[in-house]
Each structure stands twice: as structure tokens, then as C-alpha cells.
Amino acid sequence: MCGIVGFVGTRNAAPILLEGLKRLEYRGYDSAGIAVDHRGVISISKVSGRIEKLCELTDGGKTMPGFAGIAHTRWATHGAPTDVNAHPHMSCDGRFSVVHNGIIENYMELRDELMGNGYLFRSQTDTEVIVHLIEMYYDGNFKAAVMKATSRLEGSYALGVLCSDEPGKIIAVKEASPLILGIGIGENFFASDVTALVAYTRNVLYLNDGELAELTPENITVYDCTGTPVPKTASRVTWDIEAAEKGGYEHFMLKEIMEQPRAVKAALTPRIQENRICLDEFRMTPGELRGIRKIVITACGSAYYAGCAGKYAIEKLCHIPVDVQLASELRYSEPQIDSSTLLIVLSQSGETADTIAAMKECQSLGAKVLAIVNVVGSTIAKLADYTLYMWAGPEIAVATTKGYTTQLSILYLFAVYAAEALGLLSEKEYQRLIGELQALPQKIQQVFDMNGILPRLASKYNTARSIFYIGRNTDYAAALEGALKMKEISYLHAEAYAAGELKHGTIALIDEGQPVVALCCNDRIAEKTMNNILEVKARGAQVLALAVKGNRTVLTQADDVIYIPGTDSLFQTVVEIIPLQLLAYYVAKENGCDIDKPKNLAKAVTVE
Ligand code: G6P
């Protein structure tokens, strides 16, 4: 995610802000900027690229004197990673400057309204609406203008705001994005992340959602959303820098697993407006969609497995055949692709060499390309005809988790969107599916709440030499990704099988004590897989079953059961993958593996 820092005191702000930004570098970013107030005039420097560039531009901050400032590292979501789209953003009259973390979901309607009122937009960001709203509501009261502006915002935001009429003050606001305040002596700070503060102070205040803080060199006053002051007690940070970077989690992978309710929400909810799916970036008309005879999904690794899971939803809802192909295979095959094919390319990094090559090959045959990508401005995003960004925030652990679930969530969204555009859904069914999609973040959260037993289960299965994962249909898709996670980070041999295939060979490998993870979550077909549990149990297997809450039969068959909340069977994979990610994580931890950087693996595979 983006990072923000703010400072107000009696020293020059810019060098402190630059130092704070450097501490946030580990989160990943593509541009950076600072704004400083000097005697009632705000100056801004911002660049795409590295913080070093910003340091050079400002001579380490020396060219930007002033005692109050705000700064930002951007991870592009709305708009390419350019100088203009970098934060801070400035109001038309130059009186206000804003940095923002998060996503403003209703920015399009606000933008229209503000443009109608004569405000000029310079960037493509969702953030710029905030600074113009503040300008619109300003009548001499800085805090009141910020409060009025934020009352119009839907989505998530941590904001830092400067006002040139009040040079010794900065305002910070928090809503569903991390933000903490640092208390110094004669100076105060805010930051999205404690790492940016610990070099200066370990005394911090935590803001709750909906709260606003006014910071001056001497004071911090926190208000609730009605403007009433809220008493706060300072806490002392005991984390070292490394622990702070991981938000207190032991590994980035665990942090990213736990971020999934928020990441999936960020991928889905801005695209559901007034109970309709809006995929503005996918500009195919219903007529063009009707001309699509075949969809090919291509990707590598986990992204390929996300495609395997998404296929079920697209075929069922859109009645279009979907062929999921490994990019490394597709690029050397002679694919039956023409202009009636829609190619969907999945890639977290947007830079995977095989995926790019497969995409180019299919484009040369006339296919239109829809890319689902996390990194804004990446090669795949640039080459595609249409790009839907995942908005998952930077992923640091090599083994993807939130990348996979956000990719899959967008495939679901696409399936429902296209089915409706093709006239294949009744309004009632369309609304039901949208409701199911909107409930996914909450259901992922429930998986965490329901599964405190996972570390204990991991210590039971961590000594296995090999683990089989079985399932059918969407459960089979989850098995593929679950087994890959186990292989990648714990180095245990793990193999996914379509449960119906057991009898055709694999069952010969089932012996006394052989662990089998049986996925029985798809309510249409779970019973069949439960029969397979009986078959492997009869041969001595030790079975860990995954089932939807309420399935009592499975308790009598399996040795251990993990329960998850149910959703429409088409969308179930995104929920059931969560305990499988955690199982792999805890097994790897139990075995002392280097979880964030597994041996021989790379985060982005940019060579063939
Ligand atoms: C590597 C990563 C995987 C990822 C795959 C595809 O193998 O370790 O986590 O799924 O590449 O990467 P992409 O960036 O194209 O999604």
C-alpha cells in the first residue's frame, strides 16, 4: 500500500519527511512526493520512481524550507505511476495539499460534481477529489472544511492535509486505513506505519476510524466525526523496525494472508455501485461480448490456478467455453485463437516473461486481451486492451496469497458482469450474486475467527513426507493452489488430485497414515468427495477435511475437520483457500522454513 508521513515542529520538515519515506520503502511504491508549508506558501515536489530521485530534486530537502509538511509514497491504483499522479495533490487555489492512502469508492461521482462546479483536475487519481472538496467547503475554518469533505467520502482513507492559512498545523484523518500519531518534544508526527516514526519517537497515539487529529508543534487534539474532542492515552512502541515493517506479524506472508478481507473488499466494492457491477476499464460493448466464442485464460503459478477456479464461474454464468492454459505451454502451442477469442491474462506482477510471450502470441492471432494485474503500469497492463487492477496493495512474500484471492475475486466479478450484459441473468439472480460477492470479505474474516486450531493441526501434519489434496470442481481448483502453497513454503511434497481420479492410479499410493486433505466445500458435489474420504480411510489414510459449517456427516468420516462459511458454490474457492494458506504457513513455520523467501523461488519470474 501507499505510505504517508506528516511532521510539524520547529525544525525543517523536508529532511524528516524524506527519512520517514525511506522507512516506508519496503512496502513497495512507484512514486513519491512531499509538500511543505513555508510561511504560508505550500511548495510541492513529486516524482515517479525512487525516493533518491526526490532527495536529489530537493537536495535532501534543503530546497524546501518550512516547519510543517506531508509526504507520500504511492503504489498506483487509479492512474499510471507518473509525476502528475504522485501525491501530494494541491487545491486549485494552492491553499490546501493532501496525501492519501486507501481508495475513494465514490470518486467518479464526486469528480463529476466538482468539475461541474469549475474545479480543474490535473491527475487521474481518486485522491484529487479530496483536496477540491476541502477547497469547496472552506470558509475560513480548516478543520470544518476537512470534516465536511470527509463526510462525502466513501471508501478507505488515511489523510494528511496542509492549509497555507494555518502554517503551524497539519490535520490527519483515518477511515479504514492505518494511521498513527507520533508525539515528540515540541514536534508531532503522523504516519501510516510505525516504522516511519520510530527513529523520532516511540510515544504514539492510535486513531480509530472516523477520527480526525489536529497537530501543532505542542499539541495533538483528536476529534470524533461530530467534532467532539476525544481523550486519548499515549502508548509506547516496543517493536523493532523489522517487526514494525511486518505490522507486528512474524512474516510478510502471514500479514498478507490476514490482509485478505481488506484486499478483496478493495478489489470488489469500488466496482459495485448502486447494486450494479461497473467495469469501466473493460470497454467491450454487450454486442462485442456477444461476438466472443471462446475465452482463454492464461497465466503462471498461482495465477494459473486462479484461472482454473474462475473458469467454473465464467462457464456456468456466461455459457462461453473457457480454456485455461499455462502461459509457458500456450506460447509454444498452436492455439486455435482468432478475433472471436477473449484472452484473459492473470498476473500479480504484470511482468512474468512466459505470460507476456503467450499474450503477444494470442494478440498476433487477433484475440482481444483483458488483463487482471496488480502492478499498475506493468508490461502486461500496458500491452492489454483492457486492464482490471487487483488493488491488492504490494505483495512482498514470494508465495502469493492476497494476489491469488483478488485475482479470483475479479474473475468472479467479470463472470457476473458479463452474464448480465449477455442477458443471461434475471435481475433477482444478478442481485443475489452481487450480494454473495459483497459478503466475501466478511466470510474470509470469519475463516480466521473460526480456525484457531490450525497451528495445532499443522504440528500434526508437518512430519508427513507427502500430502495429497483431493476435491472436485471448484474444490479441485482450491486443491491445486492449496498443494502449491504447501510445496512452495514448507518443501513438503504435496499433490492435488481430482477426487474422481483417485481410482485411476493415485489410490495405489495411499498407505497407513498417509495424510489426505479432502476438500468438501462445494455443496453441489461435496457428497461425492465424502465418498472418496471413505475410500482413502479404508486404506489407512489420515484425513483432514475442509467443509462448510453445518456439515456434520464429515465429522464422522475425517480425522480432523476445518469448517468455513458457505457461499455460492461458484465463489467458494476464494473462501476455502484461506485455511489452506494458513495450513501451509504453519507447517512451514513448524519446520523452520524461510517462509517469506522460499529457496529457489522468485516473486516475479521475468525470464523464461
Ligand atoms: C512466481 C510467484 C508466484 C506467482 C507466479 C506468477 O512463481 O512465486 O507466486 O503466482 O510467479 O506470477 P504473476 O506475477 O504473473 O502473477
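Biologist: Hi! What kind of model is this, and how are residues numbered?

Modeller: It is a predicted model, where local features need pLDDT of at least 70, side-chain atom pairs count only at pLDDT 80 or more, and totals for chains, interfaces and linings use all residues. Residues are numbered from 1 along each chain as its sequence is written, and side-chain values use heavy atoms, with hydrogens and water left out.

Biologist: Great. How far apart are the ends of helix H15?

Modeller: The end C-alpha atoms of H15 (residues 427-450) are 33 Å apart, which agrees with the 34 Å that its 24 residues should span at 1.5 Å a residue. The expected span is 1.5 Å times one less than the number of residues. Helices here are DSSP runs of H or I with at least four residues, strands are E runs of at least two, and both are numbered from the N terminus.

Biologist: Where is the kink in H15?

Modeller: At Leu440, shortly before the proline Pro441, with a bend of about 40°. The bend is the angle between axes fitted to the seven residues ending at a residue and the seven starting there.

Biologist: Is Leu440 buried or exposed?

Modeller: Leu440 is buried, and so is Pro441. Buried means under 20% relative accessible area, exposed over 50%, and partly exposed in between, with a 1.4 Å probe and protein chains only.

Biologist: Switching topic: how do H10 and H17 cross?

Modeller: Their axes come within 8 Å and cross at roughly 170°. That makes H10 roughly antiparallel to H17. Axes are lines fitted to C-alpha atoms, for helices over the stretch in contact, with angles from 0 to 180 degrees between N-to-C directions. Under 35 degrees counts as roughly parallel, over 145 as roughly antiparallel, 65 to 115 as roughly perpendicular and the rest as oblique.

Biologist: Which residues make that contact?

Modeller: Among them are Tyr305, Cys308 and Tyr312 of H10, and Tyr476, Leu480 and Leu484 of H17. The contact residues divide into 8 nonpolar, 3 polar and 2 charged. Nonpolar covers Ala, Val, Leu, Ile, Met, Phe, Trp, Tyr, Cys and Pro; charged covers Asp, Glu, Lys and Arg; the others, Gly among them, are polar.

Biologist: What comes after H17?

Modeller: Tyr491, with a positive phi near 65°. H17 itself is mostly covered, with 15 of its 17 residues buried.

Biologist: Where does His319 sit, and what is its phi?

Modeller: His319 lies in the loop between H10 and strand E18 (322-326), and its phi is positive, about 60°, although it is not a glycine. His319 counts as exposed because its relative accessibility is 56%. Most residues other than glycine have a negative phi, and most peptide bonds are trans.

Biologist: Which residues does the cis peptide bond join?

Modeller: His87 and Pro88, with omega about 0°. Pro88 lies in the loop between strands E4 (68-74) and E5 (89-90).

Note on methods:
Contact means heavy atoms within 4.5 Å.
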